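Let's take a friendly walk through some side-chain contacts. Have the sequence and the model open beside you as you read.

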Amino acid sequence: MARPADRADPVTGAGATAVAVGEGEHRTARVVAQRAAEGGADRAPVTRTPEPRPQRVRRAARALGTRLRAAPLTLALLAGLWLLGAATGSLTHGPSERLLERAGVGLPTLAEGHWWAPFTSALWCSGRGSYVFTSLLLLLVGPAAEHRLGRLRTLAVLVGGQVAGTLLGAGLVALGSSAGEQWTVSVADQISVGPAVGLFALAGVLGYRLTVLWRRRLHLLVLLVPLVMTLYVGHLQSVQRCAAALAGLGVGALISRGRPYLRSHRSSHSETRVLVALCLVAAAFGPLLASLYDTASGPFNTFSELYLSHRLSPDEVADFCAMSAHDCARAHAVVRIFDTPGRLMATLFPALLLVLAEGLRRGLRFAWLVTVATELLWGALLGWLYVDAGPVSQDVVQYFVEAMLLPLLTTGLLLATRKRFRLRLSGRSVRRLVVVLGGAALVSSAAYVGLGRLVAGQFEPGASVRRLLHGLPAQFLPPAYNDLLPDYPIAVGPVARLLETYCGLAFWVVALAVLLSAFRRPVLHTDAEAAARARALLTEHGGGTLSFITTWDGNHYWFDEQGRAAVAYRVVGTVALTTGDPFGAPQDRARAVAGFARYCDARGWTPCFYSVSGQTREAAAQLGWRSVQVAEDTVVALPELAFTGRKWQDIRTALNKAGKQGITAEWWAYHEAPLALRDQIRAISEEWVSEKGLPEMGFTLGGLEELDDPDVRVLVAVDEQRVVHGLTSWMPVYEDGVPVGWTLDFMRRRSDGFRGVNEFLIASAALGFKEEGARFLSLSGAPLARAGQGEEPTGLQRMLDWMGKVLEPVYGFRSLLAFKSKFQPEYRPMYMAYPDPAALPGITRAIGKAYLPHLTAAQGVRLMRKLSG
């Protein structure tokens, strides 16, 4: 079914990544627009295919050049930064000590009364790496800020953010030092330079001028990047950047209070997964970033070697050698690993977290479970180290508390968002993972123990099977964990060193590659074979106008004995709720109702056929079932369709206005659409979800995930600048293996775009399908809304009509049906058929859970407030 609020509640934003097109594409768009304006309602949509890679690269380069030419302030700041750095030698060797003392900002310079330090600190960077990082940040933020904030306001925010961030950061360090906090005491004498402080404040303000999708992502990055640097690197400049980011977010919120679309910030299921994955990526990169600094002293860096192993220093090796000969040999073995490819084992945990982040981004339950287990293992390890340390000082207790915060916060985030990770790998993928991982572990272990026993003399002390088994865990863990393991034989010969270097490394290379491959493979149904069989049956014989939603994830399938008819269903509680009509061979569909009822009865389930046609209702009535209308399907016949006459005035107006404004309709397969179009589609959808403040509805209502199907066609309305004004998606209705009709599912539009875009898109789709020979299109069902035709309503029907009226302000069911009436459709009632009135409470709960599976208590209260208001 089409989402009910798509018309009643238009969305804002066109995506932050709309790019300019090349001259050839501009020319094509103008020609199409001119033809649409001349032909009016006689023009069908344009079918588009992906551009070749070289053409995309050239177009992106031209777009980047155009964007930079429109940002003179950014170019001037960039040129001034590098010229001044080259003139003072800061570009190659960093600012001199004298320059730092006169122009840098910190507690020492502020104590000396250098009031100009917050301003002058923005004129230099601390080194070549800082110049590169700052330049990239300026190029990313500057042009967008000039375009959306204006040059004067951009400059004001940049300078103000630099001053506020440096002063607030210094103040926080002074406060911590006075309280005796060890980390802040260690950075209290530092002096910093660099304009990145002001740039983070500018990015925080800029985010409020973007669409919800990119505002949320930018704000998360604006907080995460300086926060991770602060917690792991711990330098004064990191604290100042973090303070500037917070100041920018606060100022941006104040100056944007009058924007109504900023009031709600709820994210969709897929976007929540992206944000959680970004947090995990930040946790993985923190130790990597800290390893680039010799003087990293952040609070989370205390035990960072357990995430990222470090080469032992000569002094550390000497300390081990002073303990015993065996400890000395183990220390030298650890050092030796860093001179071989085995050094990759030092980055095992960050690499594993990055792979798991990809699984979280895709919403996989398996990735969520492994990530939680990894974080809990990390926390348990820290606890073990604390207990094993014996009597400790107050400073050591503080270090352990600070180090425990990261796994605790990450685990808390994962638990809070656990309902977003419900997609499961197919049985085939799980079996493949078990076989490959188990086989790789077995082969690696057998190689180490078996070959190690053959060359036992190359280990010190001698390598018995028992000793090799004791040393086996060390082969699969990073070097930093060697000290935590029992005594094991040390490799001293060439073959033994090869085993020590490559056995564990080979396993993890295979394991990470297989995990990443499984995570990146499209997520299939729990029973992929049944889903493929059902899709083949649907394609061959067809079904109703909503039958294609049976291919969506979350459905299970029942097949009749001959395999010629099927029912898609999901079990909620003890209710087996079907997804539309039975589908398959037409003569077998009616019998499938009774067959599915027997199947459910044998398992103690209550069957309920939901959103079904009159034919299924009649078949259920023969079993003594009752029924009630729950929606109204709207079907438009295509062969004789012509937008002539007074009743089509609104549609002709939309088509003609679109042509005059240079807006064209283009067919795309979602997975083949350019990245710029997909980003805008995601941004428009995310804006709609954010406005609601309520969870996305599912079940018979598709979302972005359902767009990514090769058989679904997406119609996009774009202008000459390639800005998306709206989109619709269309699901095929099959007969004898070919589509004979199409059903509307996903519908979104920009709030500040072309006002008649929905009418334009549906009319354009109708013309295109008519030209292809399709017989009809369905505008899908409007839940809890009906045209008022049919028999006298029962008491239950009256209650459903009342629910539709009450829910109208929130979801706009009746407004959607009224909108569809513009296309003069044929109204076809859709029913719910059920066997026992006593089961209605359970069926009602099951339907609510199917449509709103992620409804929380707070959202339920918010929904009730909206209904009562």
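Which side chains meet in a salt bridge at 3.3 Å, N to O? They are those of E826 and R828. Keep in mind that this is a predicted model. E826 is partly exposed, with a relative accessible area of 45%, and R828 is partly exposed too, at 36%.

Elsewhere, salt bridges with shared partners join E358, R361 and R362 into one network. Within this group, R362 pairs with E358, their closest N and O atoms being 2.9 Å apart. Here E358 is buried, because its relative accessible area of 12% falls under the 20% cut-off. R362, at 23%, counts as partly exposed.

Another pair to look at is E666 and R722, whose side chains form a salt bridge at 2.7 Å, N to O. This one links distant parts of the chain, 56 residues apart: E666 sits in strand β10 (residues 664-668), while R722 is in the loop between β11 (713-718) and β12 (724-735). E666 is buried, with a relative accessible area of 3%, and R722 also counts as buried, at 7%.

| Salt bridge | N to O distance |
|---|---|
| R362 and E358 | 2.9 Å |
| E666 and R722 | 2.7 Å |
| E826 and R828 | 3.3 Å |

R418, K419, R422 and K849 form a positive surface patch. One of its members, R418, is found in the loop between α19 (394-416) and α20 (427-454). R418 is partly exposed, with a relative accessible area of 40%.

Finally, the aromatic rings. The count comes to 20 aromatic pairs. One of them is W742 with F769: the ring centres are 5.0 Å apart and the planes lie at 5°, so the pair is stacked. W742 belongs to strand β13 (residues 738-749) and F769 to helix α29 (residues 757-772), so the contact ties together parts that are 27 residues apart in sequence. Are these two residues buried or exposed? W742 counts as buried at 7% relative accessibility, and F769 is buried as well, at 0%.

Ring pairs also build a cluster, which links W558, Y569, F596, Y599, W605, F609 and W625.

Terms used: Residues numbered from 1 in each chain as written. Predicted model: local features only at pLDDT ≥ 70, side-chain atom pairs only at ≥ 80, totals over all residues. Heavy atoms only, no water. Salt bridge = Lys/Arg side-chain N within 4 Å of Asp/Glu carboxyl O. Buried < 20%, exposed > 50% of the residue type's maximum accessible area, 1.4 Å probe, protein only. Helix = DSSP H or I, 4+ residues; strand = E, 2+ residues; numbered from the N terminus. Patch = residues over 30% accessible without salt bridge, like charges linked within 9 Å, V, L, I, M, F, W, Y side chains within 5 Å. Areas by Shrake-Rupley, 256 points an atom, 1.4 Å probe, with all protein chains shown as cover. Lys, Arg positive; Asp, Glu negative; His and termini not counted. Charge placed at Lys NZ, Arg CZ, Asp CG, Glu CD. Phe/Tyr/Trp six-rings, centres within 6.5 Å; stacked < 30°, edge-to-face > 60°.
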